[in-house]
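Here's a quick briefing for anyone opening this structure for the first time. Take a look at it, then read on.

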Amino acid sequence: MKIKNQHERIVMATPERIAPLIADFDLIWPAESGAAPRLVGDRLYDTGLMLWEEFDRPGALRAFRVIRPDELRLEHWFEAEFAAGATILRHTVEGCAVGKYEAIWRERIEPDHDLEIEALFDNVQAAATGPDSHTGSDSAR
């Protein structure tokens, strides 16, 4: 089964303000989703159900390949595109699910993923635009 899932959010901040937030899952991961993916090796992240390998993808803030389970052959990545004083923050999942993971993706992973990414975007938006956000590199805290 082919998979393509994409979420977008316009955030009133620059891509330079958003990039360090995406780089720190512990900062932006939605608490209601459980623990953020845990670094377990060189660019390897354990999510419980999956093992992700971070890789460099041109134009992406962060990109991952699902390397376990074998039945999920997915890549997912975050992008930030400047757009007239704001940023379009985008998360894309592409790939395929085979065998029992076709149903697991449809019934469990995708619905949870959709909620998780929207909550993560809420956290990015709050951190990038809220009263504790700062735009200057020398801002005092």
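**A first look**

Arg43 sits at 31% relative accessibility, so it counts as partly exposed, falling between the 20% and 50% cut-offs. Keep in mind that this is a predicted model. The rest of the briefing goes through the loops, then the sheet, then the helices.

- Arg43 belongs to the loop between β2 and β3 (44-46).
- Its backbone is worth a look too: Arg43 has a positive phi of about 65 degrees, even though it is not a glycine.
- Ala84 is another non-glycine residue with a positive phi, this time near 45 degrees.
- You'll find Ala84 in the loop between β6 and β7.
- With a relative accessibility of 78%, Ala84 is over the 50% cut-off and therefore counts as exposed.
- In the loop between β5 and β6 you'll come across Pro69.
- The peptide bond leading from Arg68 into Pro69 is cis, and its omega is near 5 degrees.

**The sheet**

- Seven strands make up an open sheet, and reading across it gives the order β1-β7-β6-β5-β4-β3-β2, with antiparallel pairing.
- The edges are taken by β1 (2-11) and β2 (38-41); each has a single partner strand, so one side of each has no neighbour in the sheet.
- On average, neighbouring strands here are turned by 25 degrees against each other, if you ignore direction.
- Zooming in on one pair, β5 (residues 62-68) and β6 (residues 72-83) run antiparallel and are joined by four bridges.
- Across that pair, Ala63 stands opposite Trp77 in β6.

**The helices**

- In general, two packed helices are described by the angle between their axes and the distance between those axes.
- Here, helix α1 (residues 15-22) packs with helix α3 (residues 101-129) at an angle of about 125 degrees, and their axes are 10 Å apart.
- That angle makes α1 oblique to α3.
- The crossing of α1 and α3 is right-handed.
- On the α1 side of the contact are Arg17, Ile18, Leu21 and Ile22, and they meet Leu120, Val124, Ala127 and Ala128 in α3.
- What kinds of residues make up the contact of α1 with α3? Seven are nonpolar, one is charged and none is polar.

**Where helix meets sheet**

- Helix α3 also lies across β1, β6 and β7 (86-97).
- Relative to β1, α3 runs at about 15 degrees.

Conventions
Residues numbered from 1 in each chain as written. Predicted model: local features only at pLDDT ≥ 70, side-chain atom pairs only at ≥ 80, totals over all residues. Heavy atoms only, no water. Axes fitted to C-alpha atoms, helices over the stretch in contact; angles between N-to-C directions. Helix = DSSP H or I, 4+ residues; strand = E, 2+ residues; numbered from the N terminus. Parallel < 35°, antiparallel > 145°, perpendicular 65-115°, else oblique. Left-handed = near helix turned anticlockwise from the far one by under 90°. Contact = heavy atoms within 4.5 Å. Nonpolar A, V, L, I, M, F, W, Y, C, P; charged D, E, K, R; others polar. Pairing = 2+ DSSP bridges. Buried < 20%, exposed > 50% of the residue type's maximum accessible area, 1.4 Å probe, protein only.
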